[in-house]
Amino acid sequence: MYPYNPHSQKAEEFINHEEILETLAYAEENKHNIPLIDSIIEKAKLRKGLSHREAMVLLDCDIPEKNEEIYALAKQIKQDFYGNRIVMFAPLYLSNYCVNGCVYCPYHAKNKHIRRKKLTQEEIVREVTALQDMGHKRLALETGEDPVNNPIEYVLESIQTIYSIKHKNGAIRRVNVNIAATTVENYRKLKEAGIGTYILFQETYHKESYERLHPTGPKHDYAYHTEAMDRAMEGGIDDVGIGVLFGLELYRYEFAGLLMHAEHLESVFGVGPHTISVPRIRHADDIDPSAFDNGIDDDTFAKIVACIRVAVPYTGMIVSTRESQESRERVLSLGVSQISGGSSTSVGGYYEKEAEEDNSAQFDVSDNRTLDEIVKWLMDLGYVPSFCTACYREGRTGDRFMSLCKSGQIQNCCLPNALMTLKEYLIDYAAPKTKEIGEKLILEEIKSIPKEKIQEIVRKNLVEIEKGNRDFRF
Ligand code: SF4
Ligand code: SF4
């Protein structure tokens, strides 16, 4: 048995099984304890976050009035920290060669009928040009683990290619990377290549289930995978994104694990995760989600999002096109700050749509709308779609980003940047109706920028953007 220690860098000490079981028991015992629930809600109102135990009590609470208070607070925190902005991104699949045996992913090594593909640098240029022509500025690179087909050199070369492509007014300004757990040295190389966030999902924090779900390949090693973010931080990457795949294990266990992971990073490195992703398992080639009996319904999903929002107010939250339009709409107001749009989950799927029999997708997309449809939909709902990538380009990563967040000054960066990047999108890529709605929205929203001086600069920059200049940022 391992002792629980959030400061330890040993997986089984900072994600401690006994501590999670005690947390679950504590929450079960206290889920109707109104004075305790009230005191936790009061603490959450201070916007300094909650411990995993406190957040777990809120997640388990099934008193309708208290749940309403939790949802209202999540909405308020979302509004205070993120306003009505939603940052847009797209995944880019480089290769689906993979040596691992993850039982929930169609890229697992034993799947002999899925078409294996790896993009050449020329194909990456075609894909990225197609993404730029949609209006994307921020990508999440995805690739299977395969030291022969997808070595780190291939990933680094691909990043360099992506940043170098300038097509019309397009540019990918931030490349986030989601590749398998690797060494400190490789993380350092990724940092030097100029990546934004390093993303790695834990899939499940439950060690026994983890080993069963990852029967073969290097990913089988629970400790190596769970300690990856520590190595990434040691390699100089201070923006890391964590997540679990809901449906694999009991959601309560995963929720506690996610927050313990965040607490661990905060206590060792002084900065928690930059983002938390909340994917749910989806149908894919040779994967039937009903084979996993821990699926969560939409209400539970919404409650998880709300409780993460109040527990870690400064951490961005991401939902992908795995979620339907309805589900995304619900969680946007509760705390989600980034969504993907117009996504292809296939290798090479942006330049050329795949034929059915040629399927190389990692999962079936549930929200199939184009980026322009999503941008318009967001604005119709009162959100400001943002293509901002400013922070890491201005060196605002890790604790510098967090302290700006905590000082409240981020509001003077995010909204102006959102409006200026939206303006670029409207001029370069939007359909006429989207453009019309967006132009009105920008004029309205400028007035909400707290500092007048900044409002003035934004107005000037918007004129410059009209004239063809690009890439203004705070
Ligand atoms: S989840 Fe990742 S590591 Fe596992 S099979 Fe799929 S691509 Fe490979
Ligand atoms: S200013 Fe920074 S935090 Fe705000 S939207 Fe842009 S990149 Fe994100």
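**Notebook: helix packing, domains and ligand shells**

**Entry 1: helix 15 and helix 19.** I began with two helices of this predicted model, and I noted that helix 15 and helix 19 are oblique to each other. When I looked up the geometry behind this, I found that helix 15 (residues 371–380) and helix 19 (residues 432–446) pack at about 40 degrees, with their axes 10 Å apart. That angle falls between the limits of under 35 degrees for roughly parallel and 65 to 115 for roughly perpendicular, which is why I call the pair oblique. I also recorded that helix 15 passes helix 19 in a left-handed crossing. For the residues that make this contact, I listed Asp 372, Val 375, Lys 376 and Met 379 from helix 15, and Lys 433, Thr 434, Ile 437, Gly 438 and Leu 441 from helix 19. Sorted by class, this contact holds four nonpolar, two polar and three charged residues.

**Entry 2: helix 4 and helix 13.** I then turned to helix 4 and helix 13 (residues 298–311), whose axes come within 10 Å and cross at roughly 150 degrees. Helix 4 is therefore roughly antiparallel to helix 13. Here I found a right-handed crossing as helix 4 passes helix 13. On the helix 4 side I wrote down Ala 55, Leu 58 and Leu 59, and on the helix 13 side Lys 303, Ile 304, Cys 307, Val 310 and Ala 311. By class I recorded seven nonpolar residues, no polar ones and one charged residue in the contact of helix 4 with helix 13.

**Entry 3: domains.** I looked up the domain assignment, which gives domain 1 (17–79), domain 2 (83–390) and domain 3 (410–466). The C-alpha centres of domain 1 and domain 2 lie 28 Å apart, and their contact takes 21 residues from domain 1 and 22 residues from domain 2. On the side of domain 1 that touches domain 2, I noted that helix 2 (17–30), helix 4 (52–60) and helix 5 (64–82) each supply at least two residues, while the largest share, eight residues, comes from helix 5. That side of domain 1 is made up of 13 nonpolar, five polar and three charged residues.

**Entry 4: ligand 2.** Around ligand 2 I listed Val 87, Ser 386, Cys 388, Thr 389, Ala 390, Cys 391, Ile 410, Cys 413, Cys 414 and Asn 417. The elements that give two or more residues to this shell are helix 16 (390–393) and helix 18 (411–428), and I noted that helix 18 provides the largest share, three residues. I counted the classes as seven nonpolar and three polar, with no charged residues in the shell around ligand 2. Which domains does ligand 2 lie between? I found that domain 2 (83–390) and domain 3 (410–466) both give residues to its shell, so ligand 2 lies between them.

**Entry 5: ligand 1.** Lastly I looked up the surroundings of ligand 1, where I listed Cys 98, Asn 100, Cys 102, Cys 105, Tyr 107, His 108, Gly 144, Glu 145, Ala 180 and Lys 219. I recorded that the residues of this shell around ligand 1 divide into five nonpolar, three polar and two charged.

Note on methods
Residues numbered from 1 in each chain as written. Chains lettered and ligands numbered in written order. Predicted model: local features only at pLDDT ≥ 70, side-chain atom pairs only at ≥ 80, totals over all residues. Near = placed C-beta within 6 Å. Nonpolar A, V, L, I, M, F, W, Y, C, P; charged D, E, K, R; others polar. Helix = DSSP H or I, 4+ residues; strand = E, 2+ residues; numbered from the N terminus. Domains from an automatic or database assignment. Contact = placed C-beta atoms within 7 Å. Axes fitted to C-alpha atoms, helices over the stretch in contact; angles between N-to-C directions. Parallel < 35°, antiparallel > 145°, perpendicular 65-115°, else oblique. Left-handed = near helix turned anticlockwise from the far one by under 90°.
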